[in-house]
Amino acid sequence: MKKVVVLGGGYAGVLTAKKLAKKFKKNKDVQITLIDKQSYHTMLTELHEVAAGRVNEESIRMDLKSIFAGRNVNVVLDEIKNIDFEQKILTSNDATYEYDYLVMGTGCKPTFFGIPGSENAHQLWSYTDAVNLREHILNMFRQAALTADKEKRRELLTFVTVGAGFTGVEMAGELGEWKDELCRSFHIDKDEVTLYVVDFAPKVLPMYPDKLVRKAERRLIKLGNELVMNSAVSEIHEDKVVLNKGEKVINTRTVIWAAGIEGSDIVDQAQVEKAGRGRIVTNGHLQAKDYQDVYVVGDNIFYIPEGEERPVPQMVENAEHSAPVVAHNIAVDIKGGEYKTYKPTFHGSMVCIGSRYGVAQVGMPGMWFNLSGFFAMASKHLINLVYFVQVLGFNKIWSYLMHEFFHTKNNRSMVGGLLSNSAPVFWKFPLRVFVGFMWLQQGLSKLPKIIHDFNNVFLLPQPPKADALGAASGAVTEAVTAASGAVNEVANQVASNGGDIFTMLADLIHDFMNWIAVLPVPGFVENMVGWSMDAFFYTPDGTQFTQLASLVQGGMIFGEIIFGGMLIIGLFTPVAAIATIAMGCMIWASGMAPTEMLWYLVGGFALIGNSGMVLGLDYYVWPWLREMMKRIPLLRKWYLYVD
């Protein structure tokens, strides 16, 4: 038995474990274990959204056991305190773990560069940090609302973000948006709130070109941030932060630290060669320089690719690129083959400044594109979705879309509140019953005809060479003829009494009535329907219907009864609503849909969104079904469920 241990459940650790599980899914002689002190994987790039109250805290968590359900990965919740690379043993307070191959993916932690009073600052590097910071900010507004002392209120309502890199800019942008809503909620004047962004660098986002930097700075200022550049933090106190050894003092109860990172505690203690603030030096195969059975992924890597001057950056894309290389090389160690050398090609980075604006640089070396505003935000969401496909599939994609677009708070999304403003579902109850009744009565009215003669096909256009060719085909044609006759009669009367202008008006009304009596069908749809009718529903000589036509008609009638009844009682209403839309489209495509079919179609779309949860059986059925779906191994493995 070969034991592979992945230490760390961050981006790199999770992806590496999944790649390993795929490579050894049929090999029972390889045991893969992922160890992390938390039971969930956290989206570190989205922490600012929770810290500033844009999304609920569960939106950035993914349960590790759900991620690895049905896979050859054993998830262990423990905190490793020591690594003995010689004996190949990991030790925690309560247990020891042996390994044949170890993957170091423990990530990083904030560094304060020895600044006094760091314990008074709020970090933003974990799920817990984000939740605690959100509650702290809320408490500052709560206390300010109860304080009459102006100096104390100013101190409570001053927020300092230290660091103008990715994390700092994103946090400052979110806070700039959130403060407006907090001021409304606590009845505080916006002018009383002061936001600072402090950094030793001369500009924000110094890794970006000046054009994007200027756009980012303008956006931060527009959101109410004062930029304090070329300034170093000297001390952090409970009620103030000191800059440049006393040159400037800002009275505040909130210092948000986002100014740098270093290796995690376990890496700091590990007896391996390190460089660049606690990163493990590796070779091109991502093996630790001192131990060939220790591999390194993600932020822990210190490796300078051939032809480059700097080590690979500490960013999510580095985790995504390094994971498959390490998984492959471990498989080579066990099964044989050729090692892969790490040759990453990075495609840029994105920074959101609030919920609606961002800047990004995307492309590849030698061909970079600068994006801002909507397009930058769209690229960020797209990259997140690509990552979610790899980690938790449909389950996380659905959750992400709900949190980011459909259940947003205070219109804080890339598209504002356009997709999130919805009426309570109880207003859909009468519509649901009405649409269901209309489909039900349509089916029941047709049922006697097929009971009397199942082969009596009347819902499909007549065969082109049938005996009835040339006669009026069905009730719709009769209705058109009747409507046209009535309009002609009125038109003649109007024309005889009113002259040419009224004749012209009567002609227009006549043409309009002919157009709306039956819903028009585009030519390309008619061609497709004609081909399918010839292929499946007409006999080769074009004189009769096939048996399949009878079955399809019978299915349509029974579908009208079944799905109409489901809408009335509120059972599986999303399924029933979609089915009625499909039936309506089939009738429309056949060229036999009256104008009232529009009501059926529009009503069906309105009922898709859980309309059966009010005064319907879905209130009981859907929660039970969600729990049952999670217990089905195949659905859990492929993440085909929603929480």
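How many residues line the second largest pocket, and which lie nearest its centre? This is a predicted model, where local features need pLDDT of at least 70 and side-chain atom pairs count only at pLDDT 80 or more, while totals for chains, interfaces and linings use all residues. Residues are numbered from 1 along each chain as its sequence is written, and side-chain values use heavy atoms, with hydrogens and water left out.

The lining of this pocket takes in 33 residues, and W398, M402, H407, R626 and V642 are the ones nearest the centre. On a 1 Å grid over the protein atoms alone, a pocket is an open set of points with protein on both sides within 12 Å along at least five of seven lines, a cavity is a set where a 1.4 Å probe fits but cannot get out, and a lining residue has an atom within 4 Å of a point. The second largest pocket holds about 1100 Å³ of space, a volume being the space filled by probe spheres set on points joined across faces, edges and corners.

Helix α11 (393–406) gives the largest share of that lining, 8 residues; β4 (61–63) and α19 (618–631) each supply at least two. Helices (H or I, at least four residues) and strands (E, at least two) are DSSP runs numbered from the N terminus. By class, the pocket lining has 16 nonpolar, 10 polar and 7 charged residues. Here Ala, Val, Leu, Ile, Met, Phe, Trp, Tyr, Cys and Pro count as nonpolar, Asp, Glu, Lys and Arg as charged, and the others, Gly among them, as polar.

There is also 1 cavity of 30 Å³ or more. The largest cavity has about 70 Å³ of space, and α11 turns up again with the largest share of its lining, 4 residues.
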